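Please keep the sequence and the structure in view while reading.

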Amino acid sequence: MLRLVVCIKQVPQVSELPWDPDTGRLQRELAEGMMNPACRFALETAFSIREKVGAKIAAITMGPPSAEEVLREAIALGADKGILLCDEKMAGADTYTTSSTLAKAIQSKIPRFDLILCGSSTSDGETAQVGPQLAEELDIPGVAYVDDIEITGNKARVRRVADQFLETMEMELPGLVTINARSYIPRYVSMTGFQAAFAEDITTYDAAALGLSPEWIGSKGAPTKVLRVYSPRMDKKNIVLTGTTKKIIGSLFSLFDDRIGGIIGKDLKTDKKAK
Amino acid sequence: MNEKRRAIWVFGDYRNYFQNRVTLQLISRARELALPIGAQVSVIVFGHNVDEIVGNYTAHGADRIYLTDHPRLAEYSMETYSFLMERLARQEKPEIILIGATSFGREFAPHVAKRLGTGLTAGCIGLDIDENGLLVQRVPSFGGNLIAETVIPERRPQMATVRPGVFQELEPDPKRVAEIITVPMPEHMPPDRIRLISSELREAKVRRLEQAKIVICGGRGMGSKKKFAKLYELAELLGGEVCATRPSVYLNWAGHETLVGQAGKQIRPNILLSFGISGAIQHTASIKNAHFIIAVNKNPNAPMMKMADVAIVADASQICNALILELQRRIATKQSHPSDLSGNSAV
């Protein structure tokens with residue numbers, strides 16, 4: 001039976017986010033959370049591996065106490081257990097310290113894993129760095145942006161498209177893959193899934209329980225520091241056109257027929273109307 | 001003892017046309033960043049029979065090129081390349097390493113950063129040197145309308161991946177000379193844990209959005225897949241390309257290859273027509289270099305409308321249809337009877 005670890009992340013559902021202007025950090029507790037779409041697909045991939053070759057699936061996340069919700073969701077969908085890494089000292093982590101913390105937890109709590117699956121990127125930070133850095137930290141092979149995976153024995157055959165190249169690779173296990181988000185048919189949560197989601201215990205570990213020094217985690221240990229966060233200034237002339245469609249199209253062409261015509265290389269002037 | 005000059009490294013990513021272009025763009029920006037810190041610009045090239053690439057980087061502004069040429073490097077390999085990169089960086093201690101945010105770069109860079117124990121900022125859209133000589137990295141963040149500025153104050157090198165199309169490459173100067181440092185392949189390489197079985201360059205079905213002069217971009221505000229499809233008709237009339245925002249791609253209204261946004265494409269068309277796009281920062285950052293933007297949205301306060309040259313407050317699909325008719329009319333008028341407008345009531 002394979003042991004799979006799926007790393008998931010709770011991401012804000014909204015596009016307007018509450019920021020702490022002093023620290024430049026997201027006030028996560030104020031944002032509604034959902035499971036990151038690519039993580040959801042990593043989980044789906046784990047399920048399909050289990051259906052073919054059999055597997056135990058552990059879902060792990062690092063986040064505030066509310067991140068427990070995505071673990072419950074993972075269990076409802078079919079994960080066997082959930083692990084929450086939660087500590088104020090872990091807050092403000094960059095990808096470096098996030099991957100260190102996840103690695104430490106996996107090494108100490110699920111040491112005999114065969115495959116780690118992550119989403120290829122998250123909808124909030126979109127760095128796509130945690131998966132590769134987790135593989136590096138654990139010193140296991142890792143392949144990013146995977147579309148398709150097949151396990152035979154102690155090898156995984158993966159397919160992906162990178163920079164227009166369609167690549168097929170064979171990776172030794174234990175290993176790590178990051179899975180692309182793509183469209184799929186969401187699975188129904190079964191009644192037993194629902195029951196499991198509430199019955200199953202989620203184990204929570206803080207930094208001390210993992211033997212992590214506060215110096216090495218969260219924002220303190222992060223090599224990357226946020227200087228500031230700001231809204232980009234967009235200074236443009238900004239002509240606003242309103243009214244009926246006819247009026248709008250009319251004004252658009254009377255103002256810009258030369259300009260648009262020049263760019264598209266076509267004469268758009270209707271001689272009589274142009275003044 | 002010779003004092004080592006500070007160096008900004010650019011990873012020579014050349015596997016396909018776009019990867020090579022971003023390398024050239026980074027060499028260009030690295031030269032500007034090098035001035036205030038008195039650094040030189042080095043390009044790192046791993047490969048086999050890559051003299052042409054080396055010549056290309058020299059002409060485009062590299063001061064120095066570290067070259068490891070070996071048959072084993074003929075195919076890109078993330079594991080081998082990051083092993084070599086770490087080794088070289090430990091030896092030469094560059095201040096900064098810049099890597100294009102291509103698929104390969106985005107996978108390779110985090111491995112290298114972790115190996116070197118340093119920070120890495122993903123998908124930058126701006127780079128500067130501050131008064132302390134630190135690399136300030138600007139990156140759109142958290143789906144909101146925000147840019148984060150980050151620095152790596154203590155660890156070295158300071159690393160960043162940079163999106164294609166952000167910087168402009170220099171004119172090549174064939175007379176330029178760079179110092180070429182040949183770095184031999186180490187005798188002992190770690191065993192391959194990932195084996196490439198096959199790699200085929202897919203026929204680039206994607207038309208080159210990055211090169212397009214006219215781009216029509218559609219967002220969720222188009223309303224439906226059917227209405228979105230009308231954008232192709234408009235694109236045909238204008239001789240442009242269609243691109244899509246992340247929600248449109250997720251909704252399956254458009255293919256992934258048309259995605260413009262973070263991890264998508266950076267475009268700089270002469271004219272951008274934006275339909276039903278509110279303007280999440282990943283998107284606006286990718287299109288900000290468009291010269292002339294016409295945006296259509298029901299919400300006049302959407303960020304996309306604020307950054308447009310012309311903001312049309314209306315239903316995106318309706319305006320799209322009306323534009324098609326009006327363009328057809330105007331173009332047809334020109335072609336058949338240049339001055340006769342009578343009997344045409346297309347709008």
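## Basis of the description

Helices (H or I, at least four residues) and strands (E, at least two) are DSSP runs, numbered from the N terminus. The model is predicted, and local features need pLDDT of at least 70, side-chain atom pairs count only at pLDDT 80 or more, and totals for chains, interfaces and linings use all residues. Residues are numbered from 1 along each chain as its sequence is written, chains are lettered from A and ligands numbered from 1 in the order in which they are written, and side-chain values use heavy atoms, with hydrogens and water left out.

## Two places in chain A

A:Val189 is found in the loop between strand E12 (175–179) and helix H5 (191–199) of chain A. Its relative accessibility is 32%, so A:Val189 counts as partly exposed; buried means under 20% relative accessible area, exposed over 50%, and partly exposed in between (1.4 Å probe, protein chains only). Together with A:Met191, A:Phe194 and A:Phe198, A:Val189 makes a nonpolar surface patch of about 440 Å². Patches are made of residues with over 30% relative accessible area and no salt bridge, where like charges are joined within 9 Å and nonpolar side chains (Val, Leu, Ile, Met, Phe, Trp, Tyr) within 5 Å.

A:Gln133 belongs to helix H4 (residues 130–138) of chain A. This residue counts as buried because its relative accessibility is 1%. Contact means heavy atoms within 4.5 Å. Apart from neighbours within four places in sequence, A:Gln133 is in contact with A:Thr95, A:Tyr96 and A:Ser99, and with B:Pro110, B:Ala113 and B:Lys114.

## Salt bridges

Side chains of opposite charge can pair when their charged atoms come close. A salt bridge is a side-chain nitrogen of Lys or Arg within 4 Å of a carboxyl oxygen of Asp or Glu. By this rule there are 35 salt bridges over all chains. In one of them, A:Glu215 meets A:Lys220 at 3.4 Å, N to O. A:Glu215 counts as partly exposed at 46% relative accessibility, and A:Lys220 counts as exposed at 56%.

In chain B, the closest N and O atoms of B:Asp63 and B:Arg31 are 3.2 Å apart in a salt bridge. B:Asp63 lies in the loop between helix H2 (51–59) and strand E3 (64–69) of chain B, while B:Arg31 lies in helix H1 (residues 17–37) of chain B, so this pair ties together parts that are 32 residues apart in sequence. Another salt bridge joins B:Glu326 and B:Arg330 (2.5 Å, N to O). These two residues are four apart in helix H9 (residues 316–335) of chain B, which means that about one helical turn separates them. Both B:Glu326 and B:Arg330 are buried. A network of salt bridges links A:Arg228, B:Arg29, B:Glu32, B:Asp128, B:Arg138 and B:Glu149.

## A sheet with strands from both chains

Two strands pair if DSSP finds at least two bridges between them. Four strands form an open sheet with antiparallel pairing, in the order E14(A)-E8(B)-E7(B)-E6(B). Strand E14 (225–230) of chain A and strand E6 (126–129) of chain B stand at the edges with a single partner strand each, so one side of each is left without a neighbour in the sheet. E14(A) pairs with strand E8 (residues 147–151) of chain B over five bridges in the antiparallel sense, and A:Lys225 stands opposite B:Val151 in E8(B).

E7(B) is joined to E8(B) by four bridges, and four bridges also join E6(B) to E7(B). Which residue stands opposite B:Asp128 in E7(B)? The residue there is B:Val136. Both faces of E7(B) are covered, with B:Leu135, B:Gln137 and B:Val139 buried on one side and B:Val136, B:Arg138 and B:Pro140 buried on the other.

## Chain B as a whole

Chain B has nine helices and 16 strands. Of its 347 residues, 62% count as buried. E3(B) is mostly covered, with five of its six residues buried. Strand E2 (residues 40–47) of chain B runs parallel to E3(B), and six bridges join the two.

Note on methods: Areas by Shrake-Rupley, 256 points an atom, 1.4 Å probe, with all protein chains shown as cover.
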